[in-house]
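This report describes a single protein chain for a reader who has the coordinates at hand.

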Amino acid sequence: MSFRVSYRADKGRAKVLSREFSNFNDAMAFEDSLHTGGVLPVQMHYYISDEEKDFKSVMSYIGIIQDNDLYIADESPNASDGSEQLFIAANQLGFKPFYRFRSRILTDIKFVILIGILTLFMITFLFLLFFIFYIKSRNARRERLTEQYIEICREPLSTFLFTYSLEEVKALSFDELAALFNTKDFKKSAFKNTLINEIINLNKNLKGDFKDKLRMIFTTLRLDDYSIKKLRSRNWEMQATGTVEVYEMNIDRAAPYLDKLLHSKNFVVRSNAVRAFLHLSPDKDLSFLSKQSYPLSRWQQMWLYRVIKNTPSKGKIDINSLLKADNESVRIFGIKLVRLLGRMDIIEELSEMFSHASNEEQYEILRTFKALAAHTRIELVHKSFQSDDLKLATLSAELMGVIGNEISVALIIEKLNVAHPFVLEKVMLKSLSYLDREMMNWAVRHFQRPQLESIKLHLNDGLLEHV
């Protein structure tokens, strides 16, 4: 800011403008001297950046500076009033806005937190960007290396399979076999994994002597030791990979190492370990399943049965331990095995567990009785036929059509006296037609229900026999 004073000199008509004052006190002193000398009228002029402003505009400008803490007011007790003190402070302040503003930023905790979050975000973004590029380049490098190793492995493997006989392959030593691959990377894990994958892929597609040659190459090159080493790893992916490798290549001596993986928390490891253990174990012992706390999925049950089905000594498989397991899914699998393996010797155990079994177990037991035609269990079937459970009653009615007697006919006639859901009535009439067709016709005529008439027509239609 700057200041000037206008006055009339020597009683002239024209006003004279004083020199520019940068200090308000000097301008006021000059104005006072004019008053003392009798020079009138006198007027103070205010300039902001060399542009003249009225007093109101100057006060507004000073107010903006004061509200934004751009100066420290000089609270001198000698000041006559607030306006003079404000002008003096605005004029005399050593203004350093950059340092004041920086200090204020650092004392504002919310602003500091915001800046910290933004900085952390930028650092994280740059780190992730670098990590993505690193992973991408590493995977690309690994793929190129794998392609090179595949080209190295294919020709020697083809030579072994189509040029060498099984006896010649057996006669080769580790050094002789390794030398044919002609690579310095034979001891590297990446090369071993590539070689194992190539051998397993060929083993899946070839039969006869070719499988024996591949297994001989696998063991001679000590790749079985490398696969077993994976079983002892703490990484679940390594464990699962090693399990598949020993399973595909029939490495019998790996069975003891699989024992610790049978109850793994990881589903993939546990599933592959159970399959490999049953495949490699000579006695096909299922006792480990009775200790399993995890549910046994239908997919697991399917390939477990597939392994057991190809076992020559099916009768030696201990199913009783499965029926006594704490895990319901294991007990249900045991009941299915009784049916699938035709174990008539375990029918008595199924009858004993029927009363305290769950609904799902009772359903499987009735299906087993039907598959094995267990005529001696007809009394148990009659009791379950009286159940309020629709599915249990339906399965019992269906089973009575296979193993039923005169009592079964009477129970079905009695139950037909009251209307029931279509599914149950259809099964009852179908079983009744197997046991006593005349009684079925009588029941339909006697009870005179349209639904029974429709079911009878359905059963008598040869085209709808299996519908």
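## Aromatic pairs

Across the whole structure, a search finds 16 aromatic pairs, where rings of Phe, Tyr and Trp (its six-membered ring) pair if their centres lie within 6.5 Å, and planes under 30 degrees apart count as stacked, over 60 as edge-to-face and the rest as tilted. One of these is the tilted pair of phenylalanine 21 and phenylalanine 30, with 5.6 Å centre to centre and 35 degrees between the planes. Phenylalanine 21 counts as buried because its relative accessibility is 4%, while phenylalanine 30, with a relative accessible area of 25%, is partly exposed. Here buried means under 20% relative accessible area, exposed over 50%, and partly exposed in between (1.4 Å probe, protein chains only).

Tyrosine 149 and phenylalanine 191 form an edge-to-face pair, 5.2 Å centre to centre and with 90 degrees between the planes. Tyrosine 149 belongs to helix 5 (residues 109-162) and phenylalanine 191 to helix 8 (residues 189-205), so this pair ties together parts that are 42 residues apart in sequence. Both tyrosine 149 and phenylalanine 191 are buried. They belong to one aromatic cluster formed by Tyr149, Phe160, Tyr164, Phe174, Phe181, Phe186 and Phe191.

## Basis of the model

The model is predicted: local features need pLDDT of at least 70, side-chain atom pairs count only at pLDDT 80 or more, and totals for chains, interfaces and linings use all residues. Residues are numbered from 1 along each chain as its sequence is written, and side-chain values use heavy atoms, with hydrogens and water left out.

## Overall composition

The protein has 24 helices and four strands; helices (H or I, at least four residues) and strands (E, at least two) are DSSP runs, numbered from the N terminus. Of the 467 residues in the protein, 39% are buried. Among contacts with a separation of 6 or more, 62% are between residues 24 or more positions apart, a contact being heavy atoms within 4.5 Å.

## Charges over rings

Two arginines are placed over aromatic faces. Arginine 4 lies over the face of tyrosine 47, at 5.8 Å from the ring centre, and arginine 222 lies over that of phenylalanine 174, at 4.2 Å from the ring centre. The criterion is that NZ of Lys or CZ of Arg is within 6 Å of the ring centre and within 35 degrees of the ring normal. Phenylalanine 174 is also a member of the aromatic cluster that includes Tyr149.

## The sheet and its helices

Four strands form an open sheet in the order 2-1-3-4, with antiparallel pairing; two strands pair if DSSP finds at least two bridges between them. Strand 2 (15-17) and strand 4 (51-53) stand at the edges with a single partner strand each, so one side of each is left without a neighbour in the sheet. From one strand to the next, the twist averages 35 degrees. Strand 3 (residues 43-48) pairs with strand 4 in the antiparallel sense over three bridges, and tyrosine 47 stands opposite glutamate 52 in strand 4.

Helix 1 (residues 24-36) lies across strand 1 (2-8) and strand 3, running at about 10 degrees to strand 1. Helix 2 (residues 55-67) packs on the sheet and touches strand 3 and strand 4, its direction making about 45 degrees with that of strand 3. For these angles, axes are lines fitted to C-alpha atoms, for helices over the stretch in contact, and angles run from 0 to 180 degrees between N-to-C directions.

Glycine 242 is found in helix 11 (residues 236-248) and counts as buried because its relative accessibility is 0%. Not counting residues up to four places away in sequence, glycine 242 touches Ser227, Lys230 and Leu231.

Helix 13 (residues 267-280) has 14 residues and should span 20 Å at 1.5 Å a residue; its end C-alpha atoms are 20 Å apart, which agrees. The expected span is 1.5 Å times one less than the number of residues. Helix 13 is mostly covered, with ten of its 14 residues buried, including Val269, Arg270, Phe277 and Leu280. Helix 11, helix 12 (255-258) and helix 14 (298-309) are among the elements that cover the buried residues of helix 13.

## Helix 18

Alanine 373 follows helix 18 and has a positive phi, near 50 degrees.
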